[in-house]
Amino acid sequence: MKAQRPTYINHHIADTAYPSGYDWCEIKRDGQWCRIELADSMAHFYSRNGSLIACEAVRSKVKATLLGEWMCKTDRAVRNGRVGLVYLNDCLAVNGSDLRALPLLERHAKIAGLLPVCRRFVADAPFGLDELPGVLAGLADDDIEGVVLKRSAAAFGDDFLRIKPMVTHDVPVVAVCGTGIVVRVGPGKTQVVSSGLSGDWSGSVGLVAIVGGWDRQVNGVIRHGVFMGWHPEKGTASHGG
């Protein structure tokens, strides 16, 4: 079974910019996507590419196919004591019945009855769009990667949005490239960021740019980085991080 591929947007977009019809919000935990197959009193956990992550005995002979997030050993998951937990977010089959054509609301209702089956299983309650601003404001306080918007009446498929937190980074400009700037994101590592600037911006070398984006990769690169302006108090690259 193929993993779903969502459309991504950053949460600095106003609520009114969200496409209409999304009435179901879910927490996206900072874990690894996994498919869980329950059968013969065993649970098998598979990664996005189909590799077996783990298997263990469970408390029921129920047969089911579930989707969830396996909490990996990220700093936040370790700090919050959630390593090894699996946050369930969809149920695709139970005892031979394919549920993928059912509305999300009905599929998700099956999860509650399956939580006692495995000691790893937990689930976040879905919430409405009216609660979204408050949830987004607290994303940095927990092991949460973002929020997923779905349609409660939709069958299983690819029609959903993932909202990622926008984080700003202060980075020194080391060169100008067309309508972009080249910033230093780590020792010996640079990144081109589209700035939308026109004209001669060669004088910006040495300034500190504010670049918005998602989290940084291991090499320091800012995921989906976008120029947001100049830092008002950091005038030279010597002050940059």
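Strand β12 (residues 167-177) and strand β13 (residues 180-186) are paired in the antiparallel sense over four bridges. The model is a predicted one. Within it, these two strands belong to an open sheet of five strands, ordered β14-β13-β12-β15-β16. The largest nonpolar core of the structure has 20 residues, and another core, lying apart from it, has eleven.

- The bridge partner of Cys177 is Gly180, which lies in β13.
- The edges of the sheet are formed by β14 (189-194) and β16 (226-230), each of which pairs on one side only.
- On average, and with direction ignored, neighbouring strands of this sheet are turned by 45 degrees against each other.

**Strand β10 and its partners**

- Strand β10 (residues 144-150) is mostly covered, as seven of its seven residues are buried.
- Strand β2 (residues 24-29) pairs with β10 in the antiparallel sense, over six bridges.
- Trp24 has Lys150, in β10, as its bridge partner.
- Strand β11 (residues 161-164) also runs antiparallel to β10, and three bridges join the two.
- Opposite Leu149 stands Leu161, a residue of β11.

**The nonpolar cores**

- In soluble globular proteins, nonpolar side chains tend to be buried together.
- In the largest nonpolar core, with its 20 residues, those with the most contacts inside it are Ile36, Leu38, Phe45, Leu66, Val86 and Phe121.
- At least two residues of this core come from each of β3 (32-39), β4 (42-46), β6 (64-70), β7 (86-94) and α3 (111-114).
- The element that gives the most to this core is β7, with four residues.
- Leaving aside neighbours within four places in sequence, Phe121 is in contact with Ile36, Leu38, Phe45, Leu66, Val86, Leu88, Leu114 and Leu115.
- Apart from this core lies the other one, whose eleven residues include Ile27, Phe127, Leu132 and Ile144.

**Cysteines**

- Searching the whole structure for disulfides finds zero.
- Cys25 has a relative accessible area of 0%, and a residue under 20% counts as buried, so Cys25 is buried.
- Cys91 is likewise buried, because its relative accessible area is 0%.

Note on methods: Residues numbered from 1 in each chain as written. Predicted model: local features only at pLDDT ≥ 70, side-chain atom pairs only at ≥ 80, totals over all residues. Heavy atoms only, no water. Disulfide = S-S within 2.5 Å. Buried < 20%, exposed > 50% of the residue type's maximum accessible area, 1.4 Å probe, protein only. Core = buried A, V, L, I, M, F, W, Y, C linked by side-chain atoms within 4.5 Å. Contact = heavy atoms within 4.5 Å. Pairing = 2+ DSSP bridges. Axes fitted to C-alpha atoms, helices over the stretch in contact; angles between N-to-C directions.
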